[in-house]
Amino acid sequence: MARKIDFSTYSLNDLYLSARAIDRDKYPERAKEIDRLIAEIEEPNPYAHMKKISSSTYHNNAIYSMIMFVFFVIWPAIFTSEFLFDESMRLMVVPILTTIYGVVFYKLCRRDMTDTVYDDGDALLFIKNRKQRRVELKNIVKVRHEMWFRHLIRLEVRAEGASKTECLFMSDTNPKLFSVNPLVCELNKRANAARRAKQSECKRQR
């Protein structure tokens, strides 16, 4: 008699491994239980099996946000008010202009920024405004971080027969000062390996 296994104590990754390894013809009830538990866990979070590699550091970094706000919002607002309005109007105008410039600056910074990025093994899943874009590693041409802010990662992507596009997101890594973001090194290495595997597969098919 087969020993009963309590799959409810398994983690999601363990359940995935069990679902792939189990003999479904021999143990159909166990297979159904595993599938049910996976569905229950995935239902509230369909990305639970993926590793999240993005972060909201860009919006939570107080020092960085303060510097950007001073240089790109407050000073332009003050300069504009001095140029267009007399001294009696500046106290009223500067807060209004600061608000307007702040909203515009925020939208410009967020325009190309992805909300969340998940690592799905052979691909990255980009989610923005509830819309998904799956980018396979073999289609990633280059990964780099911005020199002025090393948490900000930019991917150059070129699918077969398509023009080059870019994906921008904030990494959840903590790069050292003046060093390359470790996530950049990892993604470049994996993308290069995926492209080589694709080229080898194409050669074998010829």
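## Helix 6 and what covers it

Let's start with helix 6, where Leu183, Val184, Leu187 and Ala191 are buried. This is a predicted model, so please read the distances below as values computed from predicted coordinates. The cover over the buried residues of helix 6 includes strand 3 (123-128) and strand 5 (140-146), along with strand 6 (149-157) and strand 7 (165-170).

How far apart are the end C-alpha atoms of helix 6? They are 35 Å apart. Helix 6 covers residues 182-205, and its 24 residues at 1.5 Å a residue should span 34 Å, so the two values agree.

## The cap at Asn181

Asn181 caps the N-terminal end of helix 6: its side chain reaches the backbone nitrogen of Leu183 at 3.0 Å, and the atom on the Asn181 side is an oxygen. Leu183 is also one of the buried residues of the helix.

Is Asn181 buried or exposed? Its relative accessibility is 0%, and buried means under 20%, so Asn181 counts as buried. Leaving out residues up to four places away in sequence, Asn181 touches His145, Arg150, His151 and Ile153, as well as Ser171, Thr173 and Pro175.

## A nonpolar patch on the surface

Now for the surface. Phe79, Phe83, Leu84, Phe85, Met89 and Met92 form a nonpolar patch there, and together they have about 660 Å² of accessible area. Helix 4 (62-84) and helix 5 (87-110) each supply at least two residues of this patch. Which helix gives the most to the patch? It is helix 4, with three residues.

Phe85, another member of the patch, is found in the loop between helix 4 and helix 5. The relative accessible area of Phe85 is 31%, so this residue is partly exposed.

Arg90 has its place in helix 5. With a relative accessibility of 27%, Arg90 counts as partly exposed. Setting aside neighbours within four places in sequence, which residues is Arg90 in contact with? They are Ser81, Glu82, Phe85 and Pro95, and among them Phe85 belongs to the nonpolar patch.

One more pair is handy for checking the geometry: Arg90 and Ile78 are 12 residues apart in sequence, and their C-alpha atoms are 8.1 Å apart in space.

Definitions and conventions: Residues are numbered from 1 along each chain as its sequence is written. This is a predicted model: local features need pLDDT of at least 70, side-chain atom pairs count only at pLDDT 80 or more; totals for chains, interfaces and linings use all residues. Side-chain values use heavy atoms; hydrogens and water are left out. Patches are made of residues with over 30% relative accessible area and no salt bridge: like charges are joined within 9 Å, nonpolar side chains (Val, Leu, Ile, Met, Phe, Trp, Tyr) within 5 Å. Accessible areas come from the Shrake-Rupley method with a 1.4 Å probe; for residues, only the protein chains shown count as cover. A salt bridge is a side-chain nitrogen of Lys or Arg within 4 Å of a carboxyl oxygen of Asp or Glu. Helices (H or I, at least four residues) and strands (E, at least two) are DSSP runs, numbered from the N terminus. Buried means under 20% relative accessible area, exposed over 50%, partly exposed in between (1.4 Å probe, protein chains only). The expected span of a helix is 1.5 Å times one less than its number of residues. Contact means heavy atoms within 4.5 Å. A polar contact is a pair of N or O atoms within 3.5 Å; within protein, one must be able to donate a hydrogen and the other to accept it, and residues adjacent in sequence count only if both atoms are side-chain atoms.
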